[in-house]
Amino acid sequence: MILHTLNASPGSTAFDHCLAQVAADDGLLLMGNAVYAALANAPALARLRATGARLHVLEDDARTAGVTPQMSEDVLAIDFDAFVALSEQHARQVAWF
Amino acid sequence: MNYALLVLAPPGSASRAALGFARAACARGHQLERVFFLDRGVENGMGTAVAPQGERDLPAQWAQLASEQGVELVLCISSAIRRGLLDATEAQRHEKVGPTVAPGFTIGGLGLLVETCTDCERLLTFGEGC
Amino acid sequence: MLGADAFDTEGFLRHLKDWSPAVAEQIASDEGIALDEAHWEIIYLLRDYYTEFDSSPAMRPLVKYCAAKLGADKGKSMYLLSLFPGSPARLGSKIAGLPKPENCL
Amino acid sequence: MASDTPKASGQAEPPRLLLVTRSPPYGSSLARSALDTALAAAAFDMAPALLFLDHGVLQLLPQQEGAASETRSHGKVLDSLPLYDIDRIYVDAAALLHFGLQDMPLPAAAEVVDSTGIRALLEGCDHILSF
């Protein structure tokens with residue numbers, strides 16, 4: 001089980017490479033410019049769903065970006081305490097940026 | 001658990017996330033002995049940077065975490081000096097104006113990052129893409 | 001003889017192009033080392049290393065490089081320490097006119 | 001003398017530290033930071049493994065002439081990896097294909113890995129540093 005932290009916009013090669021490596025039992029956290037993939041109508045969201053991984057978004061970044069009001073219900077907004085909890089559950093992290 | 005963080009991102013969203021994570025990890029009772037700043041991450045320790053009014057002063061907030069939680073904030077020496085981040089020793093050694101490193105930060109070699117990697121149970125990288 | 005301002009505060013050349021065998025003698029003399037054939041062999045080996053790898057070696061690669069180029073007898077840290085006491089990679093690089101090795105600790 | 005006997009490289013053991021490098025060699029300094037971290041880790045007997053992903057495979061182009069831009073040649077420093085006993089080098093097959101570099105000569109120790117191989121590397125180490 002790997003925690004993937006994704007901080008690059010949908011359309012970047014970092015975004016694509018991350019998706020290629022996410023397995024169904026991994027955790028995925030969208031942060032920075034990756035939060036736009038959490039928009040309910042974003043084509044990138046369908047690709048995220050297809051990984052089967054639990055989807056999270058860093059709440060502060062989503063609110064800053066204006067994504068929160070239009071965010072998909074499939075994505076769980078989390079604070080830093082929950083981010084740390086995710087890191088406790090996953091022995092390794094890969095940062096994609 | 002024993003945590004270590006590597007920050008590669010300059011002040012911005014990824015660096016704010018690293019700080020938020022560091023605070024939350026300490027609040028959850030984890031050990032965070034060292035945050036290592038490498039590459040553009042060293043810009044978080046720029047003592048001569050001026051935060052825009054009304055915006056977060058990241059070097060000051062990192063320094064606050066360091067003093068409250070005993071977290072060591074290390075700027076990679078080779079990343080730092082090429083960007084003008086010098087402590088008193090390096091300023092003298094390279095005959096430049098200084099020190100320019102913000103209070104609470106120290107300068108050290110990559111060996112300290114490696115040492116941290118051997119000691120910790122959780123290691124997280126914070127970088128910023130576009 | 002180069003003037004004092006050709007060197008930084010730690011005695012490394014400011015401009016690598018200033019290096020010559022005479023400059024090596026000058027740096028070595030400041031370090032209290034009288035250069036003999038064995039020293040020169042390592043000095044030119046260090047310069048070859050820099051040409052080949054564009055970097056100054058740490059101790060481990062220097063030992064391996066010596067072993068590969070000069071044979072197992074000389075590819076030993078004890079041998080290098082006997083020529084360049086303390087920190088052979090750093091002191092040797094200084095005398096050979098290589099960039100200051102990046103501070104690893 | 002025992003202290004001069006090289007340590008077994010531990011090829012069978014999983015790497016404790018995996019460095020993932022995704023940046024091209026010039027432009028930003030991230031590739032250089034990854035490489036410098038690898039050299040430091042080797043100096044401290046960590047036996048790091050290096051994984052070149054995405055644009056990171058461009059770091060492996062032969063005959064880089066740093067002198068042309070008065071900069072350090074990333075390629076030449078990579079040539080010194082064997083002297084640091086860094087002998088676990090993995091290269092993203094899809095990225096080689098993407099850049100038309102599938103016929104490029106690779107370092108002797110390099111192993112080309114597909115998506116499954118990359119996944120195994122990510123799962124098989126203690127810690128990952130991403131650059």
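Lys and Arg are counted as positive and Asp and Glu as negative, with His and the chain ends not counted; the place of a charge is NZ of Lys, CZ of Arg, CG of Asp or CD of Glu. The model is predicted, so that local features need pLDDT of at least 70 and side-chain atom pairs count only at pLDDT 80 or more, whereas totals for chains, interfaces and linings use all residues. Residues are numbered from 1 along each chain as its sequence is written, chains are lettered from A and ligands numbered from 1 in the order in which they are written, and side-chain values use heavy atoms, with hydrogens and water left out.

On these terms, the mean positions of the 5 positive and 11 negative charges of chain A are 6 Å apart. Chain A contains four helices and five strands, where helices (H or I, at least four residues) and strands (E, at least two) are DSSP runs numbered from the N terminus. From the N terminus on, these elements run β-α-β-α-β-α-β-α-β. The radius of gyration, taken over C-alpha atoms, is set against a globule rule of 2.2 Å times the number of residues to the power 0.38. A compact globule of 97 residues would have a value near 13 Å, and the 12 Å of chain A agrees with this. The C-alpha atoms of chain A fill a box of roughly 30 × 30 × 20 Å along the principal axes.

Buried denotes under 20% relative accessible area, exposed over 50%, and partly exposed the range in between (1.4 Å probe, protein chains only). By this criterion, 57% of the 97 residues of chain A are buried. Accessible areas come from the Shrake-Rupley method with a 1.4 Å probe, and for residues only the protein chains shown count as cover. Chain A has an accessible surface of about 3,700 Å², of which carbon and sulfur atoms hold 50%. With contact defined as heavy atoms within 4.5 Å, 66% of the contacts in chain A between residues at least 6 apart in sequence join residues at least 24 apart.

Chain B comprises five helices and five strands, in the sequence order β-α-β-α-β-α-α-β-α-β. Its radius of gyration is 14 Å, close to the 14 Å that the globule rule gives for 130 residues, so chain B is as compact as a globular protein of that length. A box of roughly 40 × 35 × 30 Å, taken along the principal axes, is filled by the C-alpha atoms of chain B. Of the 130 residues in chain B, 58% are buried. Among contacts in chain B between residues at least 6 apart in sequence, the share joining residues at least 24 apart is 81%. Chain B carries 11 positive and 14 negative side chains, and the centres of the two sets are 5 Å apart.

Five pairs of chains touch, and chains A and B make the most contacts among them. Chains A and C do not touch, their nearest C-alpha atoms being 25 Å apart.

Ser55(C) lies in the loop between helix 2 (37-53) and helix 3 (59-70) of chain C. Ser55(C) is buried, at a relative accessible area of 10%. Apart from neighbours within four places in sequence, Ser55(C) contacts Tyr49(C), Tyr50(C) and Val77(D). The C-alpha atoms of Ser55(C) and Pro99(C) are separated by 7.4 Å, although the two residues are 44 residues apart along the chain.
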